[in-house]
Amino acid sequence: MPFMKGPAPIRRTIEYLDRNKLVLKDRVKIFSINYNTKGDNHEGARQFVFWHLPQLQFKNPNVQITTFKNLTPSPFIQCYLENGEEVLMDVDFKSKDEIYERVRRIICKSEKTLKAEDKLDNPANFGSKCQKHCICEVPGQLPCPSLVPLPKSWRGKYKFQKPDEL
Amino acid sequence: MFGSSGSRVLNVINISYLQSRSKRVWVRKPLGSPMAKSKIFRITPKPVIPEDEKAEIKRLFDNYKNSMKSIRQYFFEQSLKQAESGEVAQMKHRLEDQEHERLMEENRLENEKTAMVREERLKIQAENTQRNVLASLIKKEGEAKQHEIQIEDFLTKQMSTPFIQPENIEKAIEDALANPVNFNFALDLDGYVYRGKDTSIDTIPEEKRERLNSN
């Protein structure tokens, strides 16, 4: 199988995109980053955009992420929240890792929140992305009503029907 | 023929859970089996519905679907609101807001720090550029002076060579006419020069021959 095209195509693999903790908070609606293509103090911002912006968009498909190039002398990140508030982060002369840590700390969901929201981990969640599809799969619970019909007194359509409406 | 097992298990997903003790229930034809002989050339008659009835049915369905969807959406939003209005939710919101405030404060401090560092850096840069510009200006000035001196030398050299001025022109013409310059010459293998176009070798005595100077 041939090599993937382009510089650093690992950025386009699902594993790479998935394995990061950049889930923005719900109140963030727009994430914009301003930087220049030349200049030492923009190097960190450029590297951040090159390596981590795809990850960010992958984890937040409903957030608008924009880049503005060669507009201002120093780079910065601006996040627009739901209530109209703007979070400005000056990333002048910071390295890519510093920017990553800062973004994660300030406007991303914390580890605790992510763990609490994680459907796969918690065996109390049922559904398509969870460990079990339905509670009827758990031994000791009611079997699936598609196999074994429930008693009529438990079924809403018999409990609530009025005899004259039959 | 279709390979049913002897224990008469219901042909559904959770196959291990139930065993029916009654007669074998036909749920569906096995997936790989061929079409029955009585059915292979069967063409099912497609139900023909007039266009206007179709339109009417579609209109009714669309209205129904729209209403149901909007009702469902409304109930969903209401349920979200209810969830948010509970006490636990309120407290969670308050805590989140506090956390947010704290983080914003932190961010602001970071920004200020970065700004100060940037100011320093810009100041140093400005000083550097000023120094560089001054040095280059001085260098340019020096070079210009040098250039001027060179030009002066060249001009004086040129002036010292004998030019023909407008006053001397007639005299110069007379002189040129009186003394024509003949550029023709011949060389000997021994290195002697014989100038002039029509000079013959015999007319010049041996001593008066010019020796070609190798400058």
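Okay, so when I say helix or strand today, I mean DSSP runs, H or I over at least four residues for helices and E over at least two for strands, numbered from the N terminus. Counted that way, chain A has 5 helices and 4 strands, and from the N terminus on they go α-β-α-β-β-β-α-α-α.

Quick housekeeping. This is a predicted model, where local features need pLDDT of at least 70 and side-chain atom pairs count only at pLDDT 80 or more, while totals for chains, interfaces and linings use all residues. Residues are numbered from 1 along each chain as its sequence is written, chains are lettered from A in the order in which they are written, and side-chain values use heavy atoms, with hydrogens and water left out.

On to the sheet. The 4 strands of chain A make an open, mixed sheet in the order β2-β1-β3-β4; strands pair here if DSSP finds at least two bridges between them. β2 (64–69) and β4 (86–90) of chain A sit at the edges with a single partner strand each, so one side of each has no neighbour in the sheet. From one strand to the next, the twist averages 15 degrees. In chain A, β1 (residues 28–35) and β3 (residues 76–81) pair antiparallel over 6 bridges, with V28(A) opposite L81(A).

Now the helices. Helix α2 of chain A, residues 43–59, lies across β1, β2 and β3 of chain A, at about 155 degrees to β1(A). Then α3(A) packs on the sheet too, touching β1, β3 and β4 of chain A and making about 155 degrees with β4(A). Those angles run from 0 to 180 degrees between N-to-C directions, with axes fitted to C-alpha atoms, for helices over the stretch in contact; contact means heavy atoms within 4.5 Å.

What about the interface? Chain A puts in 20 residues and chain B 17 residues. The rule finds 6 salt bridges across it, a salt bridge being a side-chain nitrogen of Lys or Arg within 4 Å of a carboxyl oxygen of Asp or Glu. One of the salt bridges joins R118(B) and D90(A), at 2.8 Å, N to O.

Leaving aside neighbours within four places in sequence, the contacts of R102(A) include D90(A), N107(B) and E110(B).
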